[in-house]
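Please find below my note on this model, written for someone who has not looked at it before. The points follow the order in which I would go through them.

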Amino acid sequence: MTDSVSVKDTELSQVKDAHSGSTVSSTCVRPPISFASPSAFTLSVYARFLSLWTPSFVRSIIYGQVLSLALTATSVITTELVMRNWVLPSTQVIFPYAFMFITYTPYTIYRYGLKGWGKLILYDGWKYFLLALCDCEAAFLYVKAFGFTDLMSCMLLDAWTVPVCMLVCWMAMRVRYHWSQIAGVVICIGGLALLVTSDLLTGKNGEAKRMGEGDGFMLMSSTLFGFDNAAEEFFIRQSPLYEASVLGQIGLWGVIISTTQALITEREKWKISTWDGATGVSSDKDYKHNVNVRIACLLLANTIITFVCYGIQMLLFRVASSPYFNISLLTSDFYGLLFGLFLFHYSPYWLYFVAFTIVILGLIVYFWCATPEEQGIVNIKFPRYVNVKSGEGTEKDVA
């Protein structure tokens, strides 16, 4: 996230690796803006705009909007579960973590060996335990906040994740932000403000039961998410993506933490929550069977979407950055409107479309001067205490 430099298109720029101190060559450099004349300025701005659309930038936009859409889908699924009297947030996240653990851990054991995998847990497990703990508790507090405060407070306070993530990246990874990146963040948050305004004008704000408590939950959740996202970016730039170092370990510790929390906070709710019917009062066996299948399908859909999201999220951390990931999610309320049009028969309000356009503009401005290639270097290193099968000591960047 260094300042861009005005050089010829063919000239190479040296980008310093914030993690290892090494340097690599990058050919992706923004054309300079000319102020010699109005026509020269217009042409240079057009050339700068065209230079944005590199494969890395296009992937960043696509990954971010896919994740935003997926986040909306999981929110809709959670709403459907609540409507069927299935309100178990800690239990719900056990399944995606278990899927991650089951998927990635066998391959890790194949590459590292069982002994090497054990050493990974022994020497580095505590790091990923803290990472998974932040992830679990942030998600738990996020869900709790919606039960106490109104939608406007939740959406505005959720944006606190962005500055927290940027601050942690600046302090821990020594990144430096260009003014255009700050401007991009401000524009995106301005779009969020319009989305919140749209919700207020259309009567979707809801009621705050205990606003102070709910706002506190959301602030704590946003702070944990900001720290967690920055830490994940740090690990994913240095660790194998499809090894236990990141996704497999998050799955392992996520299962342990979420299961423990569910046993403590939701054990009694397991008995009264609906597992085989919408209200639990119907004696119709066919009806109970149908609703039971619906709940199972909703949980399966949530598990698959969340599982895929974790993989795409790590790719976005590599190709762009964790702050960019967070501002990309600010379009989720617009996608929520699209879901609402078909599922809940919402009436579209024109400000939603303006707000969505503004957020997308902010995502473009974020890379107006800085490039995705400058956000950090992927420097994959396997743990020294394991012998990687096939003699591979590095992993190709798949992003």
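1. In which helix is the place of Ser-44? Ser-44 belongs to helix H1, which covers residues 38–52; helices here are DSSP runs of H or I with at least four residues, strands are runs of E with at least two, and both are numbered from the N terminus. The model is a predicted one, in which local features need pLDDT of at least 70 and side-chain atom pairs count only at pLDDT 80 or more, while totals for chains, interfaces and linings use all residues. Residues are numbered from 1 along each chain as its sequence is written, and side-chain values use heavy atoms, with hydrogens and water left out.

2. Ser-44 is buried, its relative accessible area being 8% (buried means under 20%, exposed over 50% and partly exposed in between, with a 1.4 Å probe and protein chains only). A polar atom of the Ser-44 side chain lies 2.8 Å from the backbone oxygen of Phe-41. Once neighbours within four places in sequence are left aside, Ser-44 is in contact with Pro-32, Ile-33 and Ser-34, where contact means heavy atoms within 4.5 Å.

3. The lowest confidence is in strand S1 (residues 13–16), at a mean of 35, and the highest is in helix H11 (residues 322–328), at 93. Over residues 1–27 the pLDDT is below 50, although this stretch has 62 contacts in the model beyond near neighbours in sequence.

4. Helix H2 (residues 55–83) has 29 residues and reaches 42 Å from its first C-alpha to its last, close to the 42 Å expected at 1.5 Å a residue; the expected span is 1.5 Å times one less than the number of residues. Asn-85, which follows H2, has a positive phi near 65°.

5. The unreviewed UniProt entry lists several stretches as "transmembrane region", including residues 61–82 and 94–113, and such annotations may be inferred rather than shown by experiment. In the model, residues 61–82 are 100% helix, with end C-alpha atoms 32 Å apart, and residues 94–113 are also 100% helix, with end C-alpha atoms 26 Å apart.

6. Ala-296, found in helix H10 (residues 285–319), counts as partly exposed at 46% relative accessibility. Ala-296 and Leu-81 are 215 residues apart in sequence, yet their C-alpha atoms are 9.9 Å apart in space.

How values were computed. Polar contact = N/O pair within 3.5 Å; in protein donor to acceptor, adjacent residues only side chain to side chain. pLDDT = per-residue confidence, 0-100.
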